[in-house]
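Biologist: Please walk me through this model, beginning with the terms.

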Amino acid sequence: MTAPALQTTRQCPYAPPEEHTRIRDTDSGISQVTLPSGQIAWALSRLEHIRAMLTDPRFSSDRRDPNFPRFTREQPSFDIMRRSIIQMDPPEHGPARKAVVGEFTVRRMAGLRPRIQEIVDEHIDAMLAGPRPADLVQALSLPVPSLVICEQLGVPYHDHDFFQVRSSALLSRATTAEGRRQSVTELRDYLKDLIAKKAAEPTDDLLGRQLAQGNDPEDVLSLAFLLLIAGHETTANMISLGVVTLLERPEELAALREDPARTLPAIEELLRVYTIAEFANSRVAVEDVEIGGVTIRAGDPVLAMSNAANHDPLAFDDADEIKLDRGARNHVAFGFGIHQCLGQNLARMELQIVFDTLFRRIPSLRLATPADKLAYKDDVLIYGIHEVPVTWDDPA
Amino acid sequence: MTAIVADVGRCVGAGQCVLTDPDAFDQSEEDGTVIVLQDSPSDNEALKRAQVAVDICPSRALSLTQ
Ligand code: HEM
Ligand code: SF4
């Protein structure tokens, strides 16, 4: 049996590859594709089907299952640690998630606001003091989420370059198996040391509190690793994509500046149209399941084409249009079901503070390279932009 | 009367309900699970927000009963 190779190059930054929308708009909305690993996977592309899969316990998140959809030929390299919540199924997943989710409630996040504001202001100050054009990615997009999560976990900031280099290597499709394994090992060793120090000398930070609750240091290690990786490049890429999109829409940006209440709905729409973690919702079937008239067999890999689903005309009116006031949160950019992004309210707040502060403080901010000449990340698992040169006028 | 029912056992603390209607929902400080502050929507707008919350709750922990 043959199936066409999965395409990953987008038609434009916010339009899924044509193959994905073609599958979505067939009668069943389901087809088979061959992944870069050589696996043949069922491809789901409608919002309804992806939501159904993500709330069905007959699909597993166990990324160590040899049939879990893979984007590289080799096996994943995270198996040198215990499973983290993103790889767990019920009944293991619930208690493990509940042990940490209290750290990420809407209210807890609001408490972090003043410190995040400070971090954003400091980075904008530094950018304004530096040469023009500046690269927004290095000046703001990458350091802000990294610093925020490092502080929350209790990782010293002077180690943040170390994290950045290794987490980008992990996410790049170009990294060799060897390189990936090395990055994982180095991060693991570093975190292991840090956690041992915190176990010996308790600290009042997320990792310290996990240990104080009596959680096994090996489980705290897997969690720390996951939290550092999951929220860094993702949030960074949304910052970069969001700034470019808003700069390209001066009228809507002006409306946003006038009324900060517009920012959160705009963020939701940006999350939907870009769906940067487009394949993160993939699963493997552990029992036979029928979805959309197709029988998926136990052991079949299932690829979620979440970007196509977030542009599904059956779920969204004028699905291909960016409507910054749409405010729909029924998208799957943060996933759906029990694994829905644990850090989503942190991500929303970081994006909100960055957009509000950046456009308020630098009204003349503009791209120094036209949007269509920017280097978009078609070659990595998390969509984004490599570099965003920006410039601004002298202060009056 | 329509009532909002939460199955705390299913809830995964994503907070989507709190974002939808902070007057009707909160999250436990301890494990992030949902706390229903107002279980009967006071007007049509509140009912609409409750319906949105039910639809977007990722763990299907919320429902409306008649
Ligand atoms: C805009 C930024 C972000 C996007 C687009 C995003 C996207 C996602 C998606 C799609 C999932 C579901 C994966 C699955 O179902 O297997 C997920 C899960 C997760 N995310 Fe995020 N994420 C973002 C930011 C963050 C941040 C800031 C953090 C933490 C600091 C974080 C931590 C997590 C964790 C721990 C999970 C696993 C939850 C579980 O398995 O129960 N994410 N994210
Ligand atoms: S939206 Fe659902 S899962 Fe999230 S906190 Fe509310 S009830 Fe719990």
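Modeller: Ala, Val, Leu, Ile, Met, Phe, Trp, Tyr, Cys and Pro count as nonpolar, and Asp, Glu, Lys and Arg as charged; the others, Gly among them, count as polar. This is a predicted model, in which local features need pLDDT of at least 70 and side-chain atom pairs count only at pLDDT 80 or more, while totals for chains, interfaces and linings use all residues. Residues are numbered from 1 along each chain as its sequence is written, chains are lettered from A and ligands numbered from 1 in the order in which they are written, and side-chain values use heavy atoms, leaving out hydrogens and water.

Biologist: How do the residues of the lining of the largest pocket divide?

Modeller: There are eleven nonpolar, eight polar and seven charged residues. On a 1 Å grid over the protein atoms alone, a pocket is an open set of points with protein on both sides within 12 Å along at least five of seven lines, whereas a cavity is a set where a 1.4 Å probe fits but cannot get out; lining residues have an atom within 4 Å of a point.

Biologist: How much space lies in the largest pocket, and which residues lie nearest its centre?

Modeller: The space is about 400 Å³, taken as that filled by probe spheres set on grid points joined across faces, edges and corners. Of its 26 lining residues, Leu54(A), Pro90(A), His93(A), Gly337(A) and Ile338(A) lie nearest the centre.

Biologist: Which elements give two or more residues to that lining?

Modeller: They are α2 (47–54) and α3 of chain A. The largest share, five residues, comes from α3(A). Helices (H or I, at least four residues) and strands (E, at least two) are DSSP runs, numbered from the N terminus.

Biologist: Now the ligands. Which residues come nearest to ligand 1?

Modeller: His93(A), Arg97(A), Arg283(A), His339(A) and Cys341(A) come nearest, out of 29 residues around ligand 1. A residue is counted there if one of its heavy atoms lies within 4 Å. The shell has 18 nonpolar, eight polar and three charged residues. At least two shell residues come from each of α3 (93–101), α10 (217–230), α11 (233–247) and α15 (344–361) of chain A.

Biologist: What lies 2.6 Å from an oxygen atom of ligand 1?

Modeller: That is a polar side-chain atom of His339(A).

Biologist: How much space lies in the second largest cavity, and which residues are closest to its centre?

Modeller: About 120 Å³ of space lies there. Cys11(B), Gly15(B), Cys17(B), Cys57(B) and Pro58(B) are the closest of its 17 lining residues. Two or more lining residues come from each of α1 (16–20) and α2 (44–56) of chain B. By class, the lining has eleven nonpolar, six polar and no charged residues.

Biologist: Changing topic: in what order do the five strands of the open sheet run?

Modeller: The order is β1-β2-β8-β5-β3 in chain A, with mixed pairing. Because β1 (30–34) and β3 (59–60) of chain A stand at the edges with a single partner strand each, one side of each is left without a neighbour in the sheet. Two strands pair if DSSP finds at least two bridges between them. β3(A) pairs with β5 (residues 283–285) of chain A in the antiparallel sense over two bridges, and Phe59(A) stands opposite Ala285(A).

Biologist: Which strands form the open sheet of three?

Modeller: The strands β4-β10-β9 of chain A form it, in that order and with antiparallel pairing. Two bridges join β4(A) to β10 (residues 389–391) of chain A, with Ala134(A) opposite Val390(A).

Biologist: What kind of peptide bond joins Pro90(A) and Pro91(A)?

Modeller: The bond is cis, with omega about 5°, and Pro91(A) lies in the loop between β3 and α3 of chain A. The bond from Arg132(A) to Pro133(A) is also cis, with omega near -10°. Pro133(A) is found in the loop between α4 (106–129) and β4 of chain A.

Biologist: What is phi of Thr275(A) near?

Modeller: Phi is near 35°, a positive value in a residue other than glycine. Thr275(A) has its place in the loop between α13 (263–274) and β5 of chain A. Most residues other than glycine have a negative phi, and most peptide bonds are trans.

Notes:
Polar contact = N/O pair within 3.5 Å; in protein donor to acceptor, adjacent residues only side chain to side chain.
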